[in-house]
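Subject: Handing over a structure, with notes on what it contains

Dear colleague,

I am passing this structure on to you, and below it you will find my notes, arranged by topic. Please read them with the structure open beside you.

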Amino acid sequence: MKTIYIFENTVCCSEETDGNDVDQALLEIEADVEWAKRTGAQVERFNLSQQAAAFRENLVVKEFIERSGQDALPLTLVNGEIALVGRYPQRIELARWIGVNA
């Protein structure tokens, strides 16, 4: 099964949006990641403020941030390759990547 890593910017109170969009996106990705894990998928989320070492140690992520900046996050890797940038994956995308029905 494929490995999915989601690297996200510091998540807390959003000062750049009205807050509702961020809260809803976080609720959806949390539920979708849990769903994917129940199917047996390996999905991990990394938060820049809490797991900065993971960002530095992954060459793909490190180069992406150097090139695009942390404001371009979230970044989703599937088997180590960039699959999605700038938003969280939807359940249907997770399902496609792990080879199950949504």
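In these notes a residue is called buried when its relative accessible area is under 20%, exposed when that value is over 50%, and partly exposed in between. F46, with a relative accessible area of 12%, is therefore buried. Please keep in mind throughout that this is a predicted model.

Aromatic rings

The structure holds 4 aromatic pairs. In one of them, the rings of Y5 and F7 have centres 6.4 Å apart and planes at 85 degrees, so this pair is edge-to-face. Y5 counts as partly exposed because its relative accessibility is 24%, whereas F7 is buried, with a relative accessible area of 1%. Y5 also pairs with F46, the ring centres being 5.3 Å apart and the planes at 80 degrees, so that this pair too is edge-to-face. The pair of Y5 and F46 links distant parts of the chain, since Y5 belongs to strand 1 and F46 to strand 2, 41 residues apart. Taken together, ring pairs link Y5, F7, F46 and F55 into a cluster.

Salt bridges

Side chains of opposite charge can pair when their charged atoms come close. A search of the whole structure finds 3 salt bridges.

- R45 and E8 form a salt bridge in which the closest N and O atoms are 3.0 Å apart. This pair links distant parts of the chain, with R45 in strand 2 (residues 42–47) and E8 in strand 1 (residues 3–8), 37 residues apart. R45, at 25% relative accessibility, counts as partly exposed, while E8, at 5%, counts as buried.
- D32 forms a salt bridge with R91, and their closest N and O atoms are 2.8 Å apart. Because D32 lies in helix 1 (residues 20–38) and R91 in helix 4 (residues 91–98), the pair ties together parts that are 59 residues apart in sequence. D32 counts as buried at 10% relative accessibility, and R91 counts as partly exposed at 28%.
- E93 and R87 meet through their side chains in a salt bridge, at 2.7 Å from N to O. E93 has a relative accessibility of 10% and therefore counts as buried, whereas R87, at 35%, counts as partly exposed.

In soluble globular proteins, nonpolar side chains tend to be buried together. The largest nonpolar core here has 16 residues, of which I4, I6, W35, A36, V43, W97 and I98 touch the most other members. Strand 1, helix 1 and helix 4 each supply at least two residues of this core, and the largest share, 5 residues, comes from helix 1. A second, separate core consists of 11 residues, including L48, F55, A72 and L73.

N58 is found in the loop between helix 2 (52–57) and helix 3 (59–68). Is N58 buried or exposed? At 19% relative accessibility N58 counts as buried, because the cut-off for that class is under 20%. A polar atom of the N58 side chain lies 3.0 Å from the backbone nitrogen of V60. Apart from its neighbours within four places in sequence, N58 is in contact with F7 and L77.

Strand 3 (residues 75–78) and strand 4 (residues 81–85) pair in the antiparallel sense over 4 bridges.

With best wishes

How values were computed
Residues numbered from 1 in each chain as written. Predicted model: local features only at pLDDT ≥ 70, side-chain atom pairs only at ≥ 80, totals over all residues. Heavy atoms only, no water. Salt bridge = Lys/Arg side-chain N within 4 Å of Asp/Glu carboxyl O. Buried < 20%, exposed > 50% of the residue type's maximum accessible area, 1.4 Å probe, protein only. Phe/Tyr/Trp six-rings, centres within 6.5 Å; stacked < 30°, edge-to-face > 60°. Core = buried A, V, L, I, M, F, W, Y, C linked by side-chain atoms within 4.5 Å. Polar contact = N/O pair within 3.5 Å; in protein donor to acceptor, adjacent residues only side chain to side chain. Contact = heavy atoms within 4.5 Å. Pairing = 2+ DSSP bridges.
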